[in-house]
Amino acid sequence: MIVIFGRLSSLMYSIFGIIFAILSMYLLKRIKPLSLLSVNVGGSFMHIIGQLVAASIMLKSFTPWTLFPIFGALSIVSGVLTYIPERFLLRFIIKNYSKEVDKKC
């Protein structure tokens, strides 16, 4: 089990990050004027927030939040960088497979 997940603390960081990211992206997606870029950056940013919350719980300290400015800025950059291939992939899927989806529906 350790080979798959690493330590329990690693799993906790991942779970908190994933939950925060998915919930925030779900809520942001429901706001119509926001683009997919905004949703992606918001999810990336909230993933870091979730990981900092997990670290604070495990360490019983607010010390991990001293890294927030650095991690927050890097998460925004990461959200933008992951959006670039996402945009091309979505265009490819819509262009090549939307007709097949329409036929099945």
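Asn40 lies in helix α3, where helices are DSSP runs of H or I with at least four residues, numbered from the N terminus. The structure is a predicted model, in which local features need pLDDT of at least 70 and side-chain atom pairs count only at pLDDT 80 or more, while totals for chains, interfaces and linings use all residues. Residues are numbered from 1 along each chain as its sequence is written, and side-chain values use heavy atoms, with hydrogens and water left out.

A polar atom of the Asn40 side chain lies 2.8 Å from the backbone oxygen of Gly79. Not counting residues up to four places away in sequence, Asn40 touches Met25, Gly79, Thr82, Tyr83 and Glu86, contact being heavy atoms within 4.5 Å.

Rings of Phe, Tyr and Trp (its six-membered ring) pair if their centres lie within 6.5 Å, with planes under 30 degrees apart counted as stacked, over 60 as edge-to-face and the rest as tilted; by this rule there are two aromatic pairs. The rings of Phe45 and Phe68 have centres 5.7 Å apart and planes at 75°, so this pair is edge-to-face. Because Phe45 lies in helix α3 and Phe68 in helix α4 (residues 68–104), the pair ties together parts that are 23 residues apart in sequence. The rings of Trp65 and Phe68, with centres 6.0 Å apart and planes at 45°, form a tilted pair.

Key
Helix = DSSP H or I, 4+ residues; strand = E, 2+ residues; numbered from the N terminus. Polar contact = N/O pair within 3.5 Å; in protein donor to acceptor, adjacent residues only side chain to side chain.
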